[in-house]
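Here's a quick briefing to read with the model open beside you. Have a look at the fold before going through the notes.

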Amino acid sequence: MSRKGFGFGIALVAASVVLMGCQAAPEKAEPTESAGCVRMVTNSGGLEDRSFNQSSWEGLQQAEAELGVEAEAIVSTGETDLAPNVEQAVASGCGLVVTVGWELADPTLEQAGANPETAFAIVDETVEAENVKPVVFDTAQASYLAGYLAAGVTKTGVVATFGGGNQPPVTLFMDGFVDGVAKYNEVHGTSVRALGWSKEAQDGAFTGDFEDVNKGKTLTDGFIDQGADVILPVAGQVGEGAASAAVERGGVSVIWVDSDGYETLSASFRPVILTSVLKNTQDAMVQIVDEVQQGTFTNEPYIGTLENGGVEIAPYHDLASLVSPELDGEIEGLRQAIIAGEIVVESPSAP
């Protein structure tokens, strides 16, 4: 794979962000010889989505500091921005273009075909092309731990999950979560119910988008009315509505996804964040930038697992008192069993 646009001994350049509107992208420029660089294109969730746009960007900032590559983010504000923004990223002449989310699959595939000398990485989606590396995460493994945790701390015997849309990167979390609840019931002889998702039917509760916080609040209020006291929203910014409902109603905790919600959400939500199902997108970004610089980049997918640290659950922070040492020990035992292959967390959405 060509290392076009990357070089050695490059001075560190501060990261920058470009907000792109709906205008057509300019004509493709000649590759720059002045800097090793990478361009990232967000989906319509924006850069500070407290999810994989934000974590991917943080990873590129880390690569900038550690590897001397200049990073710039091109922020999409709507669906019409997506294809022009990927074209704009390619036109920069950088050796690596990172796109984030399923919405960018088609523009990424189109530009990868037209620009075989450029390396592409797409986060949370799979695109099959010789110069595109999918960056995906087996979040069902970590969600399994989160589901077991939820079943272990619930006071009502009811927990719940919902998604932004019925898409594999979303339902993968939900599959693992309900399986973790089922495992707790099997071990303890309990009958904790998980609302919002049927693994057998591969269908459940969805808000239909990843941005309308009010939809998340309304759906969560409904779950709380049914007795749920632990909620797993897999819906990007919409999940903030779940946290808001938990704060207002009291006695309810939330499990965040992608990043550590305790660190990335408003401090007002910290009292209700039990844990988070993490994707270590940052390390993946640094690894991929290094591969492009070293000329070892391939289209082999990066798959984050518990074993390689690509997925994990976050600390319990302020709600650690809800988790007994015995429960925490059981969760650690499950983690090691998954890593050893003794427990296989299965999902039709697994990468």
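In which sense do strand β2 and β3 pair, and over how many bridges? Strand β2 (residues 37-41) and β3 pair in the parallel sense, over 5 bridges; pairing here takes at least two DSSP bridges between the strands. Keep in mind that this is a predicted model, where local features need pLDDT of at least 70, side-chain atom pairs count only at pLDDT 80 or more, and totals for chains, interfaces and linings use all residues. Residues are numbered from 1 along each chain as its sequence is written, and side-chain values use heavy atoms, with hydrogens and water left out.

**Confidence**
- The chain averages a pLDDT (the predictor's confidence in each residue, from 0 to 100) of 90, and 90% of the residues score at least 70.
- Residues 1-35 are another matter: pLDDT is below 50 there, though the stretch has 91 contacts (heavy atoms within 4.5 Å) in the model beyond near neighbours in sequence.

**Around β3**
- Val 41 stands opposite Ile 74 in β3.
- To get from β2 to β3 the chain goes through helix α1 (residues 52-67), and this β-α-β crossover is right-handed, that is, clockwise from the first strand over the helix to the second with the strands pointing away from the viewer.
- Helices (H or I, at least four residues) and strands (E, at least two) are DSSP runs, numbered from the N terminus.
- In β3 (residues 70-76), 7 of 7 residues are buried, meaning under 20% relative accessible area with a 1.4 Å probe, protein chains only.
- Both faces are covered, with Glu 70, Glu 72, Ile 74 and Ser 76 on one side and Ala 71, Ala 73 and Val 75 on the other.

- Beyond four places in sequence, Val 98 touches residues including Val 41, Leu 60 and Met 285.

**Thr 171**
- Thr 171 lies in helix α5 (residues 168-188) and is buried, at a relative accessible area of 2%.
- Among the residues Thr 171 touches, not counting those up to four places away in sequence, are Trp 197, Phe 206 and Ser 349.

Definitions and conventions
Buried means under 20% relative accessible area, exposed over 50%, partly exposed in between (1.4 Å probe, protein chains only).
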